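The structure is shown below.

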Amino acid sequence: MTDEPIDPELDGLLDLLAEGGRGGPDPVEHPSAATLSAYHARALPAGEVSRVQDHLVACRQCREQLLEHARFLEPPAEDPAVGTASFERAAEWRRLKERVGEEAGAAAPPPVKPVDDRRRLLRSLRMFQALAAALGALAVGLFLRDVPFRGQARVFSEESLSFGTTRSAPDLKEAQVRLPAVVRIIPEVDYPKYRVEIEPASGKRVQTLELSPSPDGWLIELSAPGTYKIRVLGLKDGRTEPVGKPKELVVVR
Amino acid sequence: MSKPEDPSLRLVELIQASTDREKNSQRLFDLHWLRVVSYFKRQGFSQEESKDLTQDTFLRVFKSIDSFRRDSSFEWWLRGIAESIYKNEIRRRRAEKRDGIEQSIDAPVSADERSPSPMENLASQVPDPLEETVKRQQVDALRAALAGLPEQMRRCCMLRYVNGLKYHEIADLMQISIETVKAHLFQGRKRLASILGTPKGVGMKGSEDAT
């Protein structure tokens, strides 16, 4: 179907009118967003509709708003590149949630309450008290720095004992350690397994440990003062053989 | 005003009332995410850029949703936010581009940029006073003739001939069918020609490029 009669003279005049009309300034006043939205939703009374339509003829800005809104409301094309798949939307939602969380975390610091002079004075008094307490604690610490405390980080004294050489004869009273004490036991003869027996001179029960070979020997803690007799035995083919001679260790406080 | 059964407004209402806030926010996001992505793609952004700008849009939506008064449709409000994000992005890019451009002050002037000679200027600037007067009178008469048309016909003619809109755009704006727009334009031209005494009915213009 054809729509508009051809009339070159009229077209020429309309072009002249258009030249003067286009590019002119938009009206200064515009309908509110609520009014335009209602106009678009066809929810305005007739009188207002007419007013808005007259405005639209004169106002490029509002025309563009309404036309863009109409395009915005068109159902989006099922363009695979847009990624209509729900998983992509879900991923974008998760991303948004993270961003909301980040922004909330980076929000402005909590407002500082104004303090009056009395509070300020009280605060400086408290600061002075805290400073005095810290200085006092430092003085006591310096005074008592050599006194061992319970709960202080423990530093073990260590004694190494080698078993298996002929020269390692027991040197009974010289091997002495201070509590807290550990003894490092180093066998000098190879066995697939070892047994270490620690016998307190006080007659208490003998402690027996079955141990596998270790290049650095074994560290054993001795927690009570006293004299201990230490034996090392090698276990091979169901047999038990002494590794060197027994040794004695004295543990003192 | 928007209808009360508008699903988006219902969701906004629930969010503002802190009823299942996260679940309802996600529903609102699901309803409109693709629409906003499409909006940015339509403005010429790539898929990834559009998704990023959509994120920015929804971030702002959910930050300010409690202040949305529901006096316009949610879609209107959402589009307004998307548009604002779009404008900010364009502004930012322009600023980046401006900062990045180095222009030599020694660059030669191209032939196109050359100023016209004084004689050329004179020739192009002197109008024929009689011709100008006739044209002005004709345009005034046309304006008066347009003002005499029935209001909907006048609006259609103005939108078409002065503002250069397409049929479907006029139909959208005036909330009438495209056929009604065409009828108004047809009748309008006939009346204008009759009032102005211009020859008419020489032929008919096709509409292939008009919609």
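## Helix packing and the chain interface

In this predicted model, helix H6(B) passes helix H9(B) in a right-handed crossing. The contact is built from Ala141(B), Leu142(B), Ala145(B) and Leu146(B) on the H6(B) side, and from Leu192(B), Ile195(B) and Leu196(B) on the H9(B) side. Sorted by class, the contact of H6(B) with H9(B) holds seven nonpolar residues, with no polar and no charged ones. H6(B) covers residues 129-147 and H9(B) covers residues 178-196. The two helices pack at an angle of about 130°, and their axes are 10 Å apart. H6(B) and H9(B) are therefore oblique to each other.

Helix H2(A), residues 33-40, and helix H3(A), residues 46-58, have axes that come within 11 Å and cross at roughly 105°. Angles from 65 to 115 degrees count as roughly perpendicular, and H2(A) and H3(A) are therefore placed in that class. H2(A) contributes Thr35(A), Leu36(A) and Tyr39(A) to the contact, while H3(A) contributes Glu48(A), Val49(A), Val52(A), Gln53(A) and Leu56(A). By class, the contact of H2(A) with H3(A) has five nonpolar, two polar and one charged residues.

The next topic is the interface of the two chains. On the chain B side, 76 residues are in contact with 58 residues of chain A. The size of an interface is often given as the accessible area lost when the parts come together. For chain B and chain A the buried area is about 6700 Å², with 59% of it on carbon and sulfur atoms.

Across this interface of chain B and chain A the rule finds eight salt bridges. Over all chains, the count by this rule comes to 32 salt bridges. Two of the pairs that link chain A and chain B are listed here.

| Arg42(B) | Glu68(A) | 3.0 Å |

Arg95(A) lies in helix H5 (residues 86-105) of chain A and Asp52(B) lies in helix H3 (residues 47-64) of chain B, so the pair joins two chains. In the salt bridge of Arg42(B) with Glu68(A), the arginine belongs to chain B and the glutamate to chain A.

Terms used: Residues numbered from 1 in each chain as written. Chains lettered and ligands numbered in written order. Predicted model: local features only at pLDDT ≥ 70, side-chain atom pairs only at ≥ 80, totals over all residues. Heavy atoms only, no water. Axes fitted to C-alpha atoms, helices over the stretch in contact; angles between N-to-C directions. Helix = DSSP H or I, 4+ residues; strand = E, 2+ residues; numbered from the N terminus. Parallel < 35°, antiparallel > 145°, perpendicular 65-115°, else oblique. Left-handed = near helix turned anticlockwise from the far one by under 90°. Contact = heavy atoms within 4.5 Å. Nonpolar A, V, L, I, M, F, W, Y, C, P; charged D, E, K, R; others polar. Buried area = accessible area lost by both parts, 1.4 Å probe. Salt bridge = Lys/Arg side-chain N within 4 Å of Asp/Glu carboxyl O.
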